[in-house]
Amino acid sequence: MGKLLLNIPTLFAAVSTSILFFIITLDSCYGSTTVVETGSISQKKGNVVGEMINSFTEPFKELYRDHQNCNQIRKKQKLHKASLKAEWESLGMDSKEIRAKLKESSGGITYEEFRCLQKGKSDSGKSGTFIFYVLAFPKFWPYMVMFNKQNILPSQFTKKDAYFRETKLEALSRERSHAVLETLMNLEKNSHVPGFKLNPFTPKTKQMEKFHRVVGELVEALESNPGPDYVMKKFEKKFFMRDKPEAKALRLVEFPDYLTSGLARTLSAGNAKGFNGFIPNFIHRKNVLEHIRQITQNDEFLINEAVDVDSLNGEALVETCNDRFIPTVGVSENEMRSKLNSWLRYAAIVPSRRTRETKEYFNANLARSALLCYNALDTLRHQPSASKLPRLVLESSFTLK
């Protein structure tokens, strides 16, 4: 009986793979079948089967379309760099200098195309990781997906297309607001009640005093209605250092666990619901670092290519703001651009100028983590946020009769 239970995931993987290949084959053969009789049982059956086939195969088709699109963009980059190389060689530039300049060049692509390449690279990496898990851990990969779906499966397989009486952006705003609220409640609880996760080798009162001090500082900061400049001034000595920061500082090992897990839950925005409490902190930290790496590359592209933020609109602007927890529900595009400009100023432009002048080191990962925390709190306080009930309860004054 025990062996049978252990082999269930393997059996599930084999059956799922067989069904998947069968569906893909069936779709290629009978995807365009039409039935003449309107309202007949055969038509209804055909519609149901067609919807099932489409729901299973569409993510694979979209993954392939995105892959082709990325190949076209890379081809465009290659041709642009080839023309630049020929031009620079005709000017008599040194080959070493040409290679350095080509490495810095974006290849003549737009910001939207750059985001497409970043997404394609991430999805390709996740596809490879998922295949490795299936082959290397046939009995355990379903549980890995269950606990860390958002960071294992490509984005085409983790979409939520159907929401009840709310848009996708409203759902994201609501779920992120709940994740921030949960983090604040856990922090406040740990300042008064010794939790199971507290270090057993440190006196409980000392650990609770630390949380109590953090809660006090947070209350004081929120009452003053701070801006992102407050974050940069408050932790200036942590962000800018005379000596090169240690590897553990860059990897956010010293970043508080409750903030790391809070950021990870806010990033997942409702995925792996019910299992977040069991996910180890090092996985939370890995997910946060990967997200910071991606937005850092986006920031560098926007600045190095001198992209006019005012020219961003539509999906590109919304996704760029969502990646940085900037509110996107109930706000105008001008407000989003203003907050995005503020992010770029404090996360990249000002630090770059200061490090050139003072020769200091800047811990960009830590600074962006702090700014993400600020934006998450700002989103929670933002009035048009889709999470209405908690705000109404806290802001309303009523008496029970």
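**Exercise 1.** Work out whether E254 counts as buried or exposed, and name its salt-bridge partner.

*Solution.* Start with the cut-offs: buried means under 20% relative accessible area, exposed over 50%, and partly exposed in between (1.4 Å probe, protein chains only). E254 has 58% relative accessibility, so it counts as exposed. Next, the partner: its side chain meets that of K248 in a salt bridge (3.8 Å, N to O). For that label, a side-chain nitrogen of Lys or Arg must lie within 4 Å of a carboxyl oxygen of Asp or Glu. K248, at 36%, is partly exposed.

Before you go on: this is a predicted model, where local features need pLDDT of at least 70 and side-chain atom pairs count only at pLDDT 80 or more, while totals for chains, interfaces and linings use all residues. Residues are numbered from 1 along each chain as its sequence is written, and side-chain values use heavy atoms, leaving out hydrogens and water.

**Exercise 2.** Find which parts of the chain the salt bridge between R115 and E319 ties together.

*Solution.* First check the pair: the two side chains meet at 3.2 Å, N to O. Now place them: R115 lies in helix 5 and E319 in helix 14 (residues 314-323), so the bridge ties together parts 204 residues apart in sequence. Helices here are DSSP runs (H or I, at least four residues), numbered from the N terminus. Finally, R115 is buried at 15%, whereas E319 is partly exposed at 31%.

**Exercise 3.** Check the span of helix 13.

*Solution.* The rule is 1.5 Å times one less than the number of residues. Helix 13 has 24 residues (281-304), so it should span 34 Å, and its end C-alpha atoms agree at 34 Å apart.

Notes. Helix = DSSP H or I, 4+ residues; strand = E, 2+ residues; numbered from the N terminus.
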